[in-house]
Structure formats: C-alpha cells, structure tokens
Amino acid sequence: MSEMTKFGGDLIQAMSEALAHAQGKDVPGVKVHSVDVGAVDAKAIRKKLDLTQDEMAVVLGTSPSGYKKWEQGKRQPSGAARTLLRVMDQEPEAVLRALSSPDAAPENKEAAH
C-alpha cells in the first residue's frame, strides 16, 4: 500500500472510531474519565460570603440574571464558575483576599502601564 493510501485508511478508521464514541458505543482501547464536582448551592455560598446577588455575579463573571437562575434552581453553573463556587465554599477567606487584592483589579493593571 502506498503511504498516502495507508494514511487515508488510518484517517477513515480514526474518524469511524470517533463517530462510534460520540454515539455512545464502546470503542476498544478508549477510556473515558470524568470528574463530577457535584452540585453546588450558589445561594448558600453567597450568603457565607455576605455578598448580594449582583456582587456575586460580578465575582463569577456572569450576568445577574444568569446568576439568579442558579439560585432559583432553573440552571446549574458549569465549568470554571462551578469550580470557583466550590473553592469559594471551601476557602471563602482566600477567595475574598484574592479578589480584593489591588493587583486583581484590571483598572489598576492598566494604570500601571
């Protein structure tokens, strides 16, 4: 088989395996790892930090309306927001110290240049 034909065959096989995996089928040799950080109680964490909903939204970098949906149980935070909420729950003082640091404010960084 020529080199290009072998490459094409390998590519077709790889794409077929990827499609099977995406469809939820078992693919030999593929291991799926997942980490479930569990549900977070945004309202309880916010109250622990003594922040308003608007302040909490700013800290998390989300809209106030989106944050309120988390508290109402209409949506669940995902990705970095969920991770930050978990850290805020476990180490609230550290998070508040980091966020209140003069170096953390973007406007201070711009003024320094």
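Q: Which residue forms a salt bridge with D89, and how far apart are the closest N and O atoms?
A: A salt bridge here needs a Lys or Arg side-chain nitrogen within 4 Å of an Asp or Glu carboxyl oxygen. In this predicted model, D89 pairs with K48, with 2.8 Å between the closest N and O atoms. D89 belongs to helix 5 (residues 79-90) and K48 to helix 2, so the bridge ties together parts 41 residues apart in sequence.

Q: With which residue does R46 form a salt bridge?
A: The partner of R46 is E71, and their closest N and O atoms lie 2.4 Å apart. This pair links distant parts of the chain, 25 residues apart: R46 sits in helix 2 (residues 42-49) and E71 in helix 4 (residues 64-72).

Q: Why does R46 count as buried?
A: Its relative accessibility is 10%, and the cut-off for buried is under 20%. E71 is also buried, because its relative accessible area is 18%.

Q: What separates K6 and D10 within helix 1?
A: About one helical turn, because the two residues are four apart in helix 1 (residues 3-22). K6 and D10 form a salt bridge, with the closest N and O atoms at 3.2 Å. K6 is partly exposed at 42% relative accessibility, and D10 is partly exposed at 39%.

Q: How many salt bridges does the rule give?
A: The count is three.

Notes. Residues are numbered from 1 along each chain as its sequence is written. This is a predicted model: local features need pLDDT of at least 70, side-chain atom pairs count only at pLDDT 80 or more; totals for chains, interfaces and linings use all residues. Side-chain values use heavy atoms; hydrogens and water are left out. Buried means under 20% relative accessible area, exposed over 50%, partly exposed in between (1.4 Å probe, protein chains only).
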